[in-house]
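Here is a short briefing for a reader meeting this structure for the first time. Please look over the sequence and the model before reading on.

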Amino acid sequence: MSVLRMVKPAEAQGEIVHKILTEDFVARLMLLNRALRELRKMGYLVACSLGTDVVPEIIITRDSEQSITPLLDRASGRFWTTVNGQKYGHAIFEGVDVMWEES
């Protein structure tokens, strides 16, 4: 004989429930994945992607022969920074912050 016992969800019992896959987090992951697919189609090598920030970030690598123009043509919010003498480019692409090291 099997017994099926129904219990109330943890929230209903007054316990704190930690939600990892919140709607906001899932939306950022979808945004990140769409941008990753597009960048790969454009021929860029993705070195790292960080989907936990408010604005997801993707770091791409490219050789000195590869033009960044196709990305810049489709991106907004372009700017460059210098850290410890190294120049980095940034652009908002598909709602994601894309960064690369300038050669």
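The model is predicted. Its five strands form an open sheet in the order S1-S2-S5-S4-S3. Helix H1 lies across four of them: S1, S2, S4 and S5.

**The sheet**
- Pairing within the sheet is mixed.
- Strands S1 (45–50) and S3 (76–83) are the edges, and each pairs on one side only.
- From one strand to the next, the twist averages 25°.

**Strand pairs**
- S1 and S2 (residues 57–61) run antiparallel and are joined by five bridges. Ser49 faces Ile58 of S2 as its opposite residue.
- S3 and S4 also run antiparallel, with six bridges between them. Here Val83 stands opposite Gln86 in S4.
- S4 and S5 are antiparallel over six bridges. Gly89 is set opposite Trp100 in S5.

**Hairpin turns**
- Two residues separate S3 from S4 in a hairpin, and Asn84 in the turn has a positive phi of about 50°.
- Two residues also lie between S4 and S5 in their hairpin, where Glu94 in the turn has a positive phi of about 55°.

- H1 spans residues 23–41. The helix runs at about 15° to S2.
- Met30 sits in H1. Met30 counts as exposed because its relative accessible area is 55%, and exposed means over 50%.

Terms used
Residues numbered from 1 in each chain as written. Predicted model: local features only at pLDDT ≥ 70, side-chain atom pairs only at ≥ 80, totals over all residues. Heavy atoms only, no water. Helix = DSSP H or I, 4+ residues; strand = E, 2+ residues; numbered from the N terminus. Buried < 20%, exposed > 50% of the residue type's maximum accessible area, 1.4 Å probe, protein only. Pairing = 2+ DSSP bridges. Axes fitted to C-alpha atoms, helices over the stretch in contact; angles between N-to-C directions. Contact = heavy atoms within 4.5 Å.
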